[in-house]
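User: I am new to reading protein models. Could you show me how to go through one, feature by feature?

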Amino acid sequence: MDFSFFWGLGLGGIGLFFTMRTVQKQEILKLKKNFATQQEAYESQLQLQAENYSLEMANQAQDFQQAIADLEQRIASQTQIKERLEQKLQREKELSLASQKKLRENNRDIDEILESLEQSQQDVLHHKEAEISQLKAQLQEYAVNLEQQRVDLFNLQQQSASQQKTQGDRLNAEQIQTLVGTLLPEITLLRDSLNVLVDQPENLAALIKALKDILEGQAYAAKKVRATDNKWTECRVPHINLMRLYYQKCKKTSGYQILISPKKNQKSQDQDYEWLKNQSSC
């Protein structure tokens with residue numbers, strides 16, 4: 001039997017084995033080299049991050065130290081101010097005690113004096129309250145006069161445009177509707193409110209001012225109307241005792257619905273309540 005074939009095959013296998021082993025070693029060396037390169041890059045990156053982190057920490061520490069120093073300085077400053085105030089308070093307290101002692105020693109009628117001082121203070125307060133009330137009344141009067149000037153200006157413009165009326169003629173319903181729409185576009189007048197304005201030209205400015213106060217949240221003597229399940233609010237017009245304004249703020253649309261109605265008697269007011277109760281929300 002010829003074994004040369006098998007010898008050749010064996011020797012070829014051995015050569016192939018050593019060749020593949022050499023290639024594997026080369027691949028392993030490449031992998032080790034790549035791993036070493038990546039490890040160096042990672043260590044370099046890690047070192048750079050560590051340096052940046054150390055720098056950031058140092059900057060934060062420096063900021064904290066500066067903030068602490070500023071806070072300590074503020075505390076020291078506030079402490080000094082507090083101490084000065086306490087010293088001043090103590091001196092004033094001592095002076096007050098000394099003054100009180102001297103006052104008691106020199107004045108046997110101290111209770112009388114205190115009562116007199118209290119009465120004087122009450123008089124001053126009453127006087128100031130009277131002045132404030134007077135000023136409020138004046139402001140209200142000025143506000144009404146301002147609305148009267150606006151009404152007069154509107155009236156004059158209407159007269160100039162139509163050239164049909166004299167200066168003393170009162171505004172008609174159409175003109176008053178235009179006036180309200182111009183000065184108070186957010187207000188919708190209900191029922192016979194427009195006729196009330198037409199029939200009371202002497203109170204027109206005051207009523208316009210009262211309507212404006214409602215828009216500005218300054219309605220006079222405002223209160224909820226229980227008979228309408230508190231859906232409507234009732235207010236009065238200063239210096240017009242029997243005049244009532246009922247209003248509700250619209251939720252679906254902007255503005256207010258307002259009913260102007262003179263209170264003739266309790267029955268007429270109850271009728272107003274019944275009418276308002278049947279009105280839907282706007």
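This is a predicted model: local features need pLDDT of at least 70, side-chain atom pairs count only at pLDDT 80 or more; totals for chains, interfaces and linings use all residues.

**Aromatic pairs, a buried serine and a pocket**

Analyst: Tyr 246 and Tyr 273 are both buried.

User: How are the rings of Tyr 246 and Tyr 273 placed relative to each other?

Analyst: Two things are read from a ring pair: the distance between centres and the angle between planes. Here the centres of the Tyr 246 and Tyr 273 rings are 6.0 Å apart and the planes stand at 85 degrees, so the pair is edge-to-face. Tyr 246 belongs to strand E4 and Tyr 273 to helix H6 (residues 266–277), so the pair ties together parts that are 27 residues apart in sequence.

User: How many aromatic pairs does a search of the whole structure find?

Analyst: The search finds two. The other joins Tyr 247 and Tyr 256, with ring centres 6.1 Å apart and planes at 65 degrees, so this pair is edge-to-face as well. Tyr 247 has a relative accessible area of 12% and is buried. Tyr 256, at 13%, is buried too.

User: Which helices and strands does the protein have, and in what order do they run?

Analyst: The protein has six helices and five strands. Read from the N terminus, the order is α-α-α-β-α-α-β-β-β-β-α. Of the 282 residues, 23% are buried. Among contacts with a separation of 6 or more, 53% are between residues 24 or more positions apart.

User: Why does Ser 261 count as buried?

Analyst: The test is relative accessibility, and buried means under 20%. Ser 261 has 6%, so the residue counts as buried. Ser 261 sits in strand E5 (residues 256–262). The side chains of Ser 261 and Asp 272 are joined by a polar contact of 2.7 Å.

User: Which residues is Ser 261 in contact with, beyond its neighbours within four places in sequence?

Analyst: They are Arg 191, Leu 242, Met 243, Arg 244, Tyr 246 and Asp 272. Tyr 246 is the residue from the ring pair with Tyr 273.

User: Where is Gln 248 found, and is it buried or exposed?

Analyst: Gln 248 is in strand E4. Its relative accessible area is 5%, so Gln 248 is buried. The side chain of Gln 248 makes a polar contact of 2.9 Å with the side chain of Gln 257. Leaving aside neighbours within four places in sequence, the contacts of Gln 248 include Lys 231, Trp 232, Tyr 256, Ser 281 and Cys 282.

User: How does one look for empty space?

Analyst: Rolling a probe the size of a water molecule over the atoms shows where empty space is left. In this model, the second largest pocket holds about 170 Å³ of space.

User: Which residues line the second largest pocket?

Analyst: The lining consists of Lys 224, Asn 230, Lys 231, Thr 233, Tyr 247, Gln 248, Lys 249, Lys 251, Ser 281 and Cys 282. By type, two of the lining residues are nonpolar, four polar and four charged.

User: Which element gives the largest share of the lining of the second largest pocket?

Analyst: Strand E4 (residues 240–249) does, with three residues.

Definitions and conventions:
Residues are numbered from 1 along each chain as its sequence is written. Side-chain values use heavy atoms; hydrogens and water are left out. On a 1 Å grid over the protein atoms alone, a cavity is a set of points where a 1.4 Å probe fits but cannot get out, and a pocket is an open set with protein on both sides within 12 Å along at least five of seven lines; lining residues have an atom within 4 Å of a point. Grid points are joined across faces, edges and corners, and a volume is the space filled by probe spheres set on the points. Helices (H or I, at least four residues) and strands (E, at least two) are DSSP runs, numbered from the N terminus. Ala, Val, Leu, Ile, Met, Phe, Trp, Tyr, Cys and Pro count as nonpolar, Asp, Glu, Lys and Arg as charged, and the others, Gly among them, as polar. Buried means under 20% relative accessible area, exposed over 50%, partly exposed in between (1.4 Å probe, protein chains only). A polar contact is a pair of N or O atoms within 3.5 Å; within protein, one must be able to donate a hydrogen and the other to accept it, and residues adjacent in sequence count only if both atoms are side-chain atoms. Contact means heavy atoms within 4.5 Å. Rings of Phe, Tyr and Trp (its six-membered ring) pair if their centres lie within 6.5 Å; planes under 30 degrees apart count as stacked, over 60 as edge-to-face and the rest as tilted.
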